[in-house]
Amino acid sequence: MANEVVKKEPMFTEGYVIMPYKYSVGTLASKFFIEIRDHKKINGVKCPKCNIVIVPPRSVCIKCFNKIEDLVELSGKGTLVTYTVAHYDSAVQAMKPPYAIGVIKLDGADTAITHFIGEVDFKELKAGMKLEAVFNETRNANILDIKYFKPVKNKG
Amino acid sequence: MKAKPQLELIYLDMTLKMPFKWNTGEPLGEFFRELKANEKIYANQCPTCGRNYCPPANICTRDHSRCNEKDKWVAVGPKGTLLTFFICEQSFLIPTTGEMLEVPFSVGLVMLDGAPVVLQHCLQETDVEKIKPGMRVEAVFKPKEERKGNIFDIIHFKTIKE
Amino acid sequence: MPDRVGIVAAAMTKFEAAKPWQHLAELVLEVTDKVVEAAGISLQKDVESIVSCSQDHWDGRTISSMPIPDVTCGHLKDESKVADDGAYAVLYGAMHILSGDHKLVLVVSHCAESHTDGTIIENWSIDHIFTRMLGLDYTLAAAMQARRYMDKYGITPEQFAKVVVKNKGNAKKNPYAQDSATLSVIDVLKSQMLADPITVMDRKPVSDGACAMILATEEIAKKLTDKPVWIKGAGNCYDPHFLGDRELADCDALETASKKAYKMAGIKNPVKEIDVVELSEYYSYQELLWTEGLGLCKRGEGGKFIDSGKTQLNGDIPVNPSGGLLSGIPITVAGMSRVAEAVWQLQGRSGERQIPGAKLAVAHGCGGICGQMHCVLVLGN
């Protein structure tokens with residue numbers, strides 16, 4: 001078939017797939033985002049049965065599937081688990097490259113969250129480094145209310 | 001589970017927007033080339049069962065026979081007879097453009113002259129009192145310089161009197 | 001009820017960065033034609049059920065399987081779709097047969113990645129509440145997994161690069177492969193850095209194509225071919241979605257999936273018993289990590305394993321003699337193409353990339369962020 005039309009131009013139909021969404025985040029995540037927006041506090045959840053602390057919060061324990069209803073406050077400080085530096089642009093990126101993004105285990109939590117790492121020399125990025133959350137001035141009750149995590153400067 | 005009335009509930013607004021450039025492949029590509037260059041609408045026929053396709057198909061969806069030989073294509077339309085139609089009065093977001101649909105908006109199934117094939121396209125007439133199955137319609141093409149080789153090279157089918 | 005499922009024939013398109021002369025259904029038509037001819041069956045009379053694998057977002061429409069029956073003679077037949085990875089379509093096709101419902105099943109997968117911007121789809125597959133707004137995509141997530149793997153076990157970017165060198169080199173012997181090249185480790189390390197440590201060569205290229213297979217009951221498979229390939233074992237397993245819920249340097253889900261599949265197939269010592277492995281490495285480091293998950297080496301020894309040369313085309317246990325995903329295979333087709341390659345190896349149809357005397361093969365499909373889900377199939381003749 002391709003042979004018959006090889007001298008012609010291939011044809012395309014161009015367009016978009018555009019779909020607007022308004023997600024309800026649910027009760028627990030609403031509380032999580034409101035605590036960040038109103039008090040600059042990052043919360044996790046603690047499973048009342050197996051006692052693990054999960055962040056971002058889930059309404060069901062990821063280990064024992066017990067129901068979880070209440071948040072526990074975390075310090076906003078944590079440890080870098082892993083990271084990368086993005087050097088390429090894409091249609092979905094929220095930051096201009098180069099920027100660092102990592103998986104951060106907050107003190108007292110058993111799971112880790114993904115977020116940006118700012119105010120850092122990329123060469124100094126290292127698993128295990130201590131980080132603390134920096135919040136945006138204007139906060140809209142979403143994950144970008146946390147501006148990024150930055151290295152904790154004062155040792156000890 | 002009922003939310004406690006005093007709790008503020010958070011919503012996140014996000015819009016998925018993906019740019020697409022779909023290959024039309026063949027013989028659909030040739031159908032669009034003919035629309036664009038010659039204002040011609042083509043159909044073809046399954047050599048086994050005689051079923052007609054518009055736009056032309058490369059295989060018969062009933063018996064899987066090949067039917068993509070261009071010399072067996074027949075030009076159909078641009079006139080035809082309306083089989084059925086709908087009129088949309090409720091606007092909605094058109095996902096391929098992101099724009100709201102202008103209403104009223106009508107679409108018909110048109111049995112094209114020349115072969116027993118049906119093409120689905122927009123109708124110029126949107127007044128329900130003025131549309132009747134069985135009425136005669138004719139394809140209105142965009143001016144040549146505006147045609148891009150897609151189905152909207154036909155603007156719509158207008159009502160004609162014969 | 002039948003107790004064995006035979007794969008009668010497999011077919012693929014050539015994989016290319018774009019295939020502008022074919023629309024999506026025509027990709028399926030091409031492989032359907034090929035596989036029906038190879039199996040020597042009638043599409044109308046013999047095929048009872050069609051299981052396809054495609055994804056709505058990649059196709060830019062809902063119900064991406066809608067055009068499949070048109071080109072597979074599927075009208076008024078049993079038709080179903082898997083949206084994850086093509087290896088799962090093979091698994092579900094086999095289940096159709098094992099259930100006793102159908103005797104002969106066509107499985108197909110297609111994707112044209114060239115039609116849109118895949119990073120948007122990756123981003124939209126990620127948790128929408130806590131993560132998506134960060135702009136995370138699979139490459140950034142993979143880079144974080146690769147980094148964790150390096151940190152925990154001392155694996156190096158040079159060892160990742162060896163996978164690219166091996167697979168792109170193997171692809172030269174594969175007429176279906178999109179990209180093949182004679183490369184050095186330095187070439188890979190010096191290529192454009194996307195997200196440290198992943199370079200553009202460490203990532204699978206954008207690709208278009210399709211794959212198909214005919215599955216049948218033991219009785220019918222034996223009638224249709226003197227080289228039936230049997231599905232001897234299967235296992236699949238999911239990891240949590242959130243990266244922070246997992247130990248990214250280990251692939252627990254793949255370990256579980258492969259153990260299930262090996263147990264079913266009666267494999268006790270995978271590295272000794274298996275002749276050839278075709279796995280889904282979307283990024284070079286994944287081949288090392290997946291060889292660990294498949295039990296071919298111990299945890300943390302994926303780097304040493306590539307260094308040993310055992311996974312080379314002429315090694316003890318060749319991994320991706322086809323060139324793997326790094327040579328260019330689209331998502332959704334990926335896992336099914338691994339199965340098809342394994343089938344060809346066992347049927348002795350692999351041409352220059354044939355592993356002599358291959359009798360037992362493992363095919364692996366995976367999907368999701370950082371290999372969240374894995375499907376392992378053990379095939380033998």
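## Contact between the chains

Contact here means heavy atoms within 4.5 Å. By that rule, 30 residues of chain A and 37 residues of chain B are in contact with each other.

This is a predicted model, in which local features need pLDDT of at least 70, side-chain atom pairs count only at pLDDT 80 or more, and totals for chains, interfaces and linings use all residues. Residues are numbered from 1 along each chain as its sequence is written, chains are lettered from A in the order in which they are written, and side-chain values use heavy atoms, with hydrogens and water left out.

## Buried area

Between chain B and chain A about 3,200 Å² is buried, and carbon and sulfur atoms give 61% of this. Buried area is the accessible area (1.4 Å probe) that two parts lose on being put together, summed over both. I10(B), L12(B) and R33(B) supply 19% of the area that chain B buries against chain A, more than any other three residues.

## Salt bridges

The interface of chain B and chain A has two salt bridges (a side-chain nitrogen of Lys or Arg within 4 Å of a carboxyl oxygen of Asp or Glu). R37(A) forms a salt bridge with E8(B), and their closest N and O atoms are 2.6 Å apart.

## Paired strands

Strand β1 of chain A (residues 12-24) pairs with β1(B) in the antiparallel sense over 13 bridges. Strands are DSSP runs of E, at least two residues, numbered from the N terminus, and two of them pair if DSSP finds at least two bridges between them. D13(B), in β1(B), is the bridge partner of K22(A).

Note on methods
Helices (H or I, at least four residues) and strands (E, at least two) are DSSP runs, numbered from the N terminus.
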